[in-house]
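Visitor: I am new to reading protein models. Could you walk me through this one?
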Amino acid sequence: MSTAAVVALVVAGICVGLAAGYWLPPHGLRPSRNRPRPVRRILLPFTGQEISRRAFEAAVRLAKAENAVIMPAFLAVVPKSRPLDAAVPLQCAKGMPLLEAIEQRAESQGVEIDARVAPGRSYRDAVRQLLEEEQFDRIIISTTDNPRAGLSSDDLRWLLERVPAEVMILRPAPDDTRRISAAGVSGHF
Amino acid sequence: MSTPRLNQRTSSTDTDGTGMRARGQYKVFLGMAAGVGKTYRMLQEGRGEAYAGREVVIGYLEPHDRVETTLQAKGLEVVPRRRVTYRDTTVEEMDLPAILRRAPELCLIDELAHTNALGLEHEKRYEDIEDVLAAGIDVFSTVNVQHLESLNDRVAELTGIHVRETFPDSVLASADEVVLIDLTPQALIQRMREGKIYPQQQIEPALNNFFRIENLAALREVALREAAEDVGSKRLAGEASGTRDDSLAADAPQAVGERLLALVEPYPGAQRLVRRAWRSAQRLGGELDLLWVRPPGPKIPRDQMRALAALRQLASVLGATLLVEESDDLPAAIAAVARRRGTTYILMGSARPARGLARVRTPLPQRLMQLLPGVDVRIVADRASRKGDDKP
């Protein structure tokens with residue numbers, strides 16, 4: 001083989017190597033493009049330090065079936081004496097770890113998450129503002145036996161009447177004791 | 001809990017070497033709520049000083065018809081209140097000129113956050129106290145933590161009650177001693193039920209509103225933290241003015257002023273980084289800034305706009321500041337913002353795999369460490385992808 005042919009082969013090899021290096025990410029695999037981007041959005045609002053596992057699992061099942069993204073939304077109540085965009089660190093101290101736990105759990109099941117924090121003068125006001133800013137295909141709400149926790153029955157009636165999305169309300173069940181709480185956060189948060 | 005004294009206690013007859021009376025010593029009894037025993041303790045200590053031979057007077061006392069408090073005040077000289085009439089309403093206020101004329105060694109003045117009636121020397125009682133201290137008279141005073149200006153919003157968030165009578169944090173910072181009067185919420189509620197704080201008809205409404213156990217627990221935490229910070233800052237100030245190495249003292253105040261900068265991009269996963277950064281900021285007692293360095297060029301796509309709005313909302317409820325800078329030189333833009341904001345920590349997510357020539361460039365964390373010596377750079381792990389963490 002002539003010197004010119006060897007040089008040409010080496011140059012070609014270098015070119016192929018550079019091209020491969022440019023186009024392929026490290027580990028030699030392109031990210032899969034088979035999975036389509038989720039287009040539907042499922043809102044999962046919550047108010048406290050834990051949510052029902054039933055509600056979460058329902059959201060995950062629907063998200064998988066409909067190729068949807070789950071949007072857990074932490075509803076924060078800002079006192080009337082303060083501006084609506086004021087910081088509420090004490091409520092966040094309860095809500096953020098739960099948001100993290102939901103996100104971790106959903107991602108471990110292969111479901112995309114796009115979290116929201118919705119401040120308002122009341123829980124209903126927070127939901128109303130969220131719905132004014134964004135569109136959702138479904139809303140999943142779990143109710144509890146505790147009248148002081150979360151959205152009231154009036155709020156739920158309001159949601160059913162006013163919200164242009166499918167609203168799924170999960171009634172409290174006696175055996176529904178499984179919760180997702182901030183304690184479920186994996187690792188140090 | 002009491003802060004260590006900075007100086008040896010001076011008698012009010014001491015002078016500052018110029019023949020003038022030195023400023024009086026200021027001791028504040030801080031509590032989480034009404035009824036914890038601030039006034040009682042102030043009177044108790046005042047009596048102790050009187051027994052020790054000092055001239056002690058009560059400048060202003062609000063006994064709230066509490067028997068134990070009234071008994072503690074018995075035997076101590078009282079400077080009579082003055083009556084002030086404004087628009088057909090007569091109120092009783094502390095008589096500042098009378099206290100200054102009386103010139104005792106120690107004056108006990110309750111409720112320093114009180115707002116005076118119109119027409120008096122000062123708008124607020126803590127300003128009256130400043131005059132008393134300036135006259136070389138020592139002062140013992142009382143206040144609840146919710147009146148602190150910097151905590152006003154936090155207390156409003158906690159209790160839903162916006163406290164109108166506030167006082168600047170500098171007043172507490174300038175006190176020579178801050179004594180925390182601590183009581184468990186359960187014990188305070190028990191005192192309330194026994195009628196030791198409010199009259200019978202006010203007990204139930206109080207228990208259903210402000211005096212709920214969760215409010216009191218949170219306020220207690222705020223009060224304890226405030227007292228701890230006061231102890232810490234006075235210790236640092238003491239070291240700065242004392243015998244310790246100057247360089248250590250110069251560094252010390254900076255150590256309490258952490259500022260974190262989290263590098264974000266408007267996509268859903270960025271919120272996780274923000275939450276982690278916020279938790280770190282809370283643990284460090286620092287401020288949090290979020291920075292997106294946006295490449296110059298076309299309009300922001302709709303998806304990014306939505307994610308940016310969500311980030312802005314999150315920043316606002318967390319009390320963080322979202323900054324958007326336009327630049328094509330990422331490290332330089334971050335370094336400029338970090339210098340401008342006085343950043344001490346930078347938090348960032350793990351970078352996407354580099355491609356092509358970008359692989360031979362120095363990675364961003366290293367570039368930042370070169371550009372910002374003395375600033376910690378922390379890469380936040382993606383815990384969702386950590387193996388073995390799945391829970392049933």
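Visitor: What percentage of the residues of chain B count as buried?

Guide: Of its 392 residues, 47% count as buried. Buried means under 20% relative accessible area, exposed means over 50%, and partly exposed is in between (1.4 Å probe, protein chains only). Please note that this is a predicted model, where local features need pLDDT of at least 70, side-chain atom pairs count only at pLDDT 80 or more, and totals for chains, interfaces and linings use all residues. Residues are numbered from 1 along each chain as its sequence is written, chains are lettered from A and ligands numbered from 1 in the order in which they are written, and side-chain values use heavy atoms, with hydrogens and water left out.

Visitor: What is the buried share in chain A?

Guide: There, 44% of the 189 residues are buried.

Visitor: What makes B:Leu43 buried?

Guide: Its relative accessibility is 0%. The cut-off for buried is under 20%, so B:Leu43 counts as buried. B:Leu43 sits in helix α1 (residues 38–51) of chain B.

Visitor: Which residues does B:Leu43 contact, leaving aside neighbours within four places in sequence?

Guide: They are B:Ile58, B:Leu61, B:Thr69, B:Gln72, B:Ala73, B:Leu76 and B:Leu108. Contact means heavy atoms within 4.5 Å.

Visitor: What share of the contacts in chain B with a separation of 6 or more joins residues 24 or more positions apart?

Guide: The share is 71%. In chain A, 80% of contacts between residues at least 6 apart join residues at least 24 apart.

Visitor: Is B:Gln146 buried or exposed?

Guide: B:Gln146 has 8% relative accessibility, so the residue counts as buried. B:Gln146 lies in the loop between β7 and α5 (152–159) of chain B. Not counting residues up to four places away, B:Gln146 touches B:Met32, B:Asn152, B:Val155, B:Val163, B:Phe210 and B:Leu219.

Visitor: Why is A:Asp154 called partly exposed?

Guide: Its relative accessibility is 41%. That value lies between the 20% and 50% cut-offs, so A:Asp154 counts as partly exposed. A:Asp154 is in helix α5 (residues 153–162) of chain A.

Visitor: With which side chain does the side chain of A:Asp154 make a polar contact?

Guide: The partner is A:Arg157, at 2.9 Å. A polar contact is a pair of N or O atoms within 3.5 Å; within protein, one must be able to donate a hydrogen and the other to accept it, and residues adjacent in sequence count only if both atoms are side-chain atoms.

Visitor: Why is the aromatic pair of B:Phe29 and B:Phe140 called edge-to-face?

Guide: Over all chains, the count comes to 2 aromatic pairs. In this one, the centres are 5.8 Å apart and the planes make an angle of 75 degrees. Rings of Phe, Tyr and Trp (its six-membered ring) pair if their centres lie within 6.5 Å; planes under 30 degrees apart count as stacked, over 60 as edge-to-face and the rest as tilted. So 75 degrees makes the pair edge-to-face.

Visitor: What does this pair tie together?

Guide: B:Phe29 lies in strand β1 (residues 26–31) and B:Phe140 in strand β7 (residues 138–144) of chain B, so the pair ties together parts that are 111 residues apart in sequence. Both B:Phe29 and B:Phe140 are buried.

Visitor: How do you know that the charged end of B:Arg125 sits over the ring of B:Tyr60?

Guide: The charged end is 3.8 Å from the ring centre. A charge sits over a ring if NZ of Lys or CZ of Arg is within 6 Å of the ring centre and within 35 degrees of the ring normal. In chain A, A:Arg41 lies over the face of A:Phe136, at 5.6 Å from the ring centre.

Visitor: What makes A:Asn67 partly exposed?

Guide: A:Asn67 has 27% relative accessibility, so the residue counts as partly exposed. A:Asn67 follows helix α2 of chain A. Its phi is positive, about 50 degrees, although A:Asn67 is not a glycine.

Conventions. Helix = DSSP H or I, 4+ residues; strand = E, 2+ residues; numbered from the N terminus.
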